Amino acid sequence: MTNHAQRASAFIHQSGKSPWHDKALWHVRTNRDKAMATIPEWEQLRETAQQIKAHTASQLDDYLVQFEANCKSNGVHLHWAQTPDDLNKIVLDIARAKGAKHIVKSKSMLTEECHLNEALEGAGLIVTDTDLGERIVQLRQEPPSHIVLPAIHTTKEEIGELFHKHFASEKGNNDPTYLTGIARKALRDDFLGADIGITGVNFAIAETGGIVICTNEGNADLGTALPPVHIACMGIEKLIPAIEHLGVFTRLLARSATGQAITTYTSHFHKPRRGGEMHIVMLDNGRTALLGEPEFRAALSCIRCGACMNTCPVFRHGGGHSYGATIPGPIGSTLGPSQNIKAHQSLPFACTLCGSCTAVCPVNIDLHNQLLTWRNRIAKAGYVPLVKRLTMKLFGITIASPALYGLANCFIKVVAKVPVLYRNLTPWGKQRSMPVAAKKTFKTMYVEREREQLK
Amino acid sequence: MSKAEIIAAIQKNKPPLVPLPAMVDYGITYADTLSQFKESLTSIHALLETYSSVDNFRQTFTKTDQANNAVYWQMDHQANETINMPHDYAHLTHAIYQGCVAVAENGAIFIDFTNEAHRSPFVLAQNLYIIIDQKHIVDNMHQAYGKINHQCSYGVFVSGPSKTADIQQSLVIGAHGVRSLTVILIDN
């Protein structure tokens, strides 16, 4: 199995997409900065958001019970799922009970986490992802590479080719407006013919039993206004206490995500559509375990805006697929190991600890600190490769002994003079040249200075 | 039973109680709320027309309305109740709604669907019109959430026509929902 660095290397050196991927995401980050600058109380909003989430987590059991009671009185069916298999089974059972054939789905990273599409398709159902980016990656038979911009790794030429194959669009016409029109037309028929609409959830309100879904395309609204059954899938961490708290989160979410002041559609659902049925499935899948980790539990506050990805130099250059995790980027690099430390052990090590993710996070998650803490945990768990382990051990011994340290200094001076050696000894040296070593070490200068003063 | 297990795990793992912050009113306010609202509408690609009354708008609209247009008026409750299926609105050209509250900081307008027979005209129509009284414009989202119906069966803050930038970051207006949004401002 390849690790994160190897997969990122393939994106950078083979796909040729890295420079524009970097540029596109940096542009989104710049838009975020502009949007933030229009709100003088931005830092206060972030702090309040962080506190609301921390409070909710500290009383999550009560809020979930309150949410369930209010859903019931709204006529909404609530289901609890411990594992992805539980969630998939609940959804499949509803689909079977309704005799459903065709499902339209709007964006939900949680259903990606559960591989819900595969489970439903395996049972003979047709599932159509309706967010344009999600539809593109679904047709390409790959997962989204970014949580807000699922197809950010694809070019319009690739999409033109893809739509020509699937929707018989004009060959060679790669105009984004034309291609979006083609998708709009095709998906209209899917919306009108669907038996069930599945959505994710951005926020769930304990006080009223309602859920909020944010989109720009309007696909969640179409997907719930037409089919008679709406199934919303959410992690238990999506709860907030009351509707007034939405004022804080709706002001932060879109500005952080794309630089918009608010998403085009911010939709509040409390009851099923007339003559319809509404279900909410709540998933644990490791979230309650994460709640018990003081160093990592803040990651449960994430509102999935993607700002940490857009700003991260590693993500921008290496692409989202290189992470090999449902949620990529800085937040994914801390969530990944918490789900499966062995499978995602290489993620926290890609971080440069620049701290940019922490600086842009709308709910103040201490992302780079978490990644550093994960390195410690992963090393203790014995997942660090032998060479790295031995090197670090040697480094530890060397800096603890003045004699060995002096010897190492001489060695570094030699390496600096032979660039070939530096390039081949460490991957870090591949694209970097060694700085010129000072003629005299600090120690030599210090001793000389002491001697001068004695004279 | 998943519920009992999830609740038990939370009780075992949750941190000591963290206090809930008080919701003090620190949201941005504008010297000229109306002109900020208009500026926000431009940035979200919405159009703006001003009328002295809803009747005045309806008369003008009906006069220029073309025979082949299929128009949905939210205010025509009785007529709307006679429509059976939400799918029957598939060929709407225009949908006209009444907004409850408008927000200057982002141009969003809240529509409450609690008393509607169907939710679909709002997203199936090609063009959306939202009528909003100038008196119902607030500065920010905190104020807006203080004014909306907290129990709405379905309610949406709409800001502009539907859009996407999923194809190589090029902004395209008219993704799945409406292709245009015109805000009808009642200034009397």
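First, the ground rules. The model is predicted: local features need pLDDT of at least 70, side-chain atom pairs count only at pLDDT 80 or more, and totals for chains, interfaces and linings use all residues. Residues are numbered from 1 along each chain as its sequence is written, and chains are lettered from A and ligands numbered from 1 in the order in which they are written.

Start with chain B. Chain B has six helices and eleven strands. These are DSSP runs, numbered from the N terminus: helices are H or I with at least four residues, strands are E with at least two. The radius of gyration of chain B is 20 Å, well over the 16 Å from the globule rule for 188 residues, so chain B is more spread out than a compact globule. That radius is taken over C-alpha atoms, and the rule is 2.2 Å times the number of residues to the power 0.38. The C-alpha trace of chain B spans about 65 × 45 × 40 Å along its principal axes. Of its 188 residues, 41% count as buried. Buried means 20 or more other C-beta atoms within 10 Å of the residue's own, with C-beta atoms placed from the backbone.

Now the interface. 73 residues of chain A are in contact with 61 residues of chain B. Contact means C-beta atoms, placed from the backbone, within 7 Å. On the chain A side, helix α3 (residues 42-58) gives the most, with eight residues.

Strands meet here too. Strand β9 (residues 265-269) of chain A and strand β8 (residues 154-158) of chain B run antiparallel, joined by five bridges. Pairing takes at least two DSSP bridges. Tyr265(A) stands opposite Val158(B).

In the largest nonpolar core, of 164 residues, Ile130(B) and Val281(A) touch the most other members. Such a core is a set of buried Ala, Val, Leu, Ile, Met, Phe, Trp, Tyr and Cys residues joined through C-beta atoms within 7 Å. Helix α12 (residues 246-257) of chain A supplies the largest share, seven residues. Domain 1 (1-18 + 297-384) and domain 2 (39-285) of chain A both contribute, so the core lies between them. Those bounds come from an automatic or database domain assignment.

Last stop, helix α16 (residues 329-339) of chain A. Ten of its eleven residues are buried, so α16(A) is largely enclosed by the rest of the structure. Its buried residues pack against helices of chain A, among them α13 (287-291) and α18 (367-380).

Methods:
A residue is buried if 20 or more other C-beta atoms lie within 10 Å of its own, exposed if 12 or fewer, and partly exposed in between; C-beta atoms are placed from the backbone. Two residues are in contact if their C-beta atoms, placed from the backbone, lie within 7 Å.
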